[in-house]
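Please open the model in your viewer and keep the selection panel at hand. The stops below are meant to be followed in order.

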Amino acid sequence: MTQFDIIVIGAGPAGSAAATWAAKQGCSVALIDKATFPRTKLCGGLFTERSRAYYHEIFGQDVDLTHAVTREEIAFWHEGRELAVLTDIPALHLTMRLDLDAAMFAHALDAGVEDFTGQAIAELTETAVKFRDNSTLTAAVIIGADGVNSIVAKQLFGKSFDTKTIGFGLEIEAPLSLQDPATQPLRIDFSAATWGYGWSFPKQGSTTVGVGGLRAPNPDMKDHMQRYMRTLGLPSEAVKIKGHHLPFGDFRPTPGRAHILLAGDAAGLVDPITGEGIAFAMKSGQIAAQAACDALKSNAPHTAIDRYKSGLKDMHRNLRIARNLRRIIFAPRWQKAFVGTFRRSGTVRMMYMRLLAGEVEYPELARRVLARLPRYLLNALRRTP
Ligand SMILES: Cc1cc2nc3c(=O)[nH]c(=O)nc-3n(C[C@H](O)[C@H](O)[C@H](O)COP(=O)(O)OP(=O)(O)OC[C@H]3O[C@@H](n4cnc5c(N)ncnc54)[C@H](O)[C@@H]3O)c2cc1C
């Protein structure tokens with residue numbers, strides 16, 4: 001049996017950030033993942049300047065974008081029509097999670113974290129993890145950063161999420177032979193899914209094409225995906241379509257219990273409008289680690305959850321506002337009005353863009369949307385049959 005201050009389960013952005021930050025605070029940390037790194041993760045890989053700032057703060061260096069594509073131009077589409085092409089936008093980085101997550105994991109090891117990747121967990125208790133080979137780790141605090149299907153959340157709450165209330169995404173990596181990323185713009189299609197959207201993200205060796213949105217109103221997500229691929233001129237049988245859940249705004253108000261904390265997707269920390277999750281995963285990992293180390297220093301591990309909740313206050317507030325705004329953007333009865341306003345208003349387009357790029361937070365956006373609401377509603381009413 002080996003003892004640590006903190007066990008982190010899951011070495012994605014949330015887990016590697018939590019482990020690195022806790023080690024930097026002087027805590028002993030075991031980082032567990034069932035996969036070995038580098039490993040892939042189904043994701044658009046859109047890395048915003050918000051993500052970049054968090055990455056720098058947590059890992060102490062700038063993210064390596066050698067293998068990424070950076071774009072300052074984006075096209076928005078709706079029902080086969082181009083709504084707008086925005087140029088000179090804040091930089092958007094299109095990364096591959098294989099490289100990105102391996103880099104974060106390497107930072108964790110550099111910080112002194114002990115590596116328990118490539119090991120399957122056989123049993124999880126409130127303070128211990130037992131592997132299939134019967135070896136056991138114990139810790140005063142456990143951080144569950146094991147994604148949307150979190151076993152830590154299942155242990156605490158009986159299930160990770162209700163699949164009816166969260167999102168689902170389908171993606172392909174379209175090889176260069178099918179599309180030329182050099183000429184392919186970064187593109188978002190509002191009508192590609194209900195309560196969601198489609199994306200085409202150019203990468204160095206491929207284009208990541210996907211559709212995603214709330215699961216319940218999209219029982220036919222595969223049809224949406226095939227239609228979207230046809231729109232982009234991609235043969236639907238050429239590449240394997242993969243799917244993954246994402247907790248699209250269904251965050252847990254209390255992400256854990258006593259000395260067991262949930263971070264990243266395991267806590268539902270994904271933007272309900274843009275689907276951005278990498279930034280919130282890293283940040284929540286850092287906040288969870290700080291809460292854990294502070295609780296340990298006070299000899300009161302059970303206070304970790306209250307400390308963590310208080311550290312997450314701003315993030316929760318942002319996500320709550322976004323969940324309300326989402327109705328205006330995605331609800332079918334409002335979408336025509338939103339799209340019309342988006343087409344006509346340079347201000348709305350730029351605000352949406354700054355939101356996507358992580359330059360503006362939701363409270364500011366909500367204030368501006370509310371200021372425009374009377375005209376917006378009027379337009380919506382005129383257009384509603
Ligand atoms: C289709 C799709 C597209 C997306 N596009 C974007 C995007 O462009 N930009 C963006 O910011 N976000 C995007 N997201 C969201 C983003 O992928 C997630 O929010 C982010 O990966 C969350 O990080 P995490 O560390 O919490 O979880 P994960 O990245 O899922 O990492 C969890 C880790 O836990 C490990 N694990 C799981 N179960 C166990 C277990 N039982 N034992 C041990 N280890 C375990 C896994 O192997 C994994 O390494 C997208 C999501 C989807 C589904």
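The tour goes from the domains to the ligand, and then to a few single residues.

This is a predicted model, in which local features need pLDDT of at least 70 and side-chain atom pairs count only at pLDDT 80 or more, while totals for chains, interfaces and linings use all residues. Residues are numbered from 1 along each chain as its sequence is written, and side-chain values use heavy atoms, with hydrogens and water left out.

**Stop 1: the domains**

Begin by colouring domain 1 (2–71 + 96–163 + 248–318), domain 2 (167–246) and domain 3 (328–383), the parts into which the protein is divided; the bounds come from an automatic or database domain assignment. Between domain 1 and domain 2, the contact takes 19 residues from domain 1 and 25 residues from domain 2, where contact means heavy atoms within 4.5 Å. The C-alpha centres of these two domains lie 27 Å apart.

**Stop 2: the ligand and its shell**

From the side chain of Asp33, a polar atom lies 2.6 Å from an oxygen atom of the ligand, and a polar backbone atom of Gly44 is 2.8 Å from a ligand nitrogen atom. At Gly45, a backbone N or O atom lies 3.2 Å from an oxygen atom of the ligand. Taken alone, the ligand exposes 1000 Å², and the protein buries 93% of that; these areas come from the Shrake-Rupley method with a 1.4 Å probe.

Helices (H or I, at least four residues) and strands (E, at least two) are DSSP runs, numbered from the N terminus.

**Stop 3: Ser150**

Move to the loop between β9 (136–144) and α4 (151–157), where Ser150 lies. Is Ser150 buried or exposed? Ser150 is buried, with a relative accessible area of 0%, on a scale where buried means under 20%, exposed over 50%, and partly exposed in between (1.4 Å probe, protein chains only). A polar contact of 2.7 Å joins its side chain to that of Asp146. Leaving aside neighbours within four places in sequence, Ser150 is in contact with Ser160, Leu262 and Ala266.

**Stop 4: backbone details**

Then go to Asp88 in strand β5 (residues 81–94), a residue other than glycine whose phi has a positive value, near 55°. Asp88 counts as exposed, at 67% relative accessibility.

Finish at Asn134, in the loop between β8 (128–131) and β9. Although Asn134 is not a glycine, its phi is positive, about 80°, and at 55% relative accessibility Asn134 counts as exposed.

Note on methods: A polar contact is a pair of N or O atoms within 3.5 Å; within protein, one must be able to donate a hydrogen and the other to accept it, and residues adjacent in sequence count only if both atoms are side-chain atoms.
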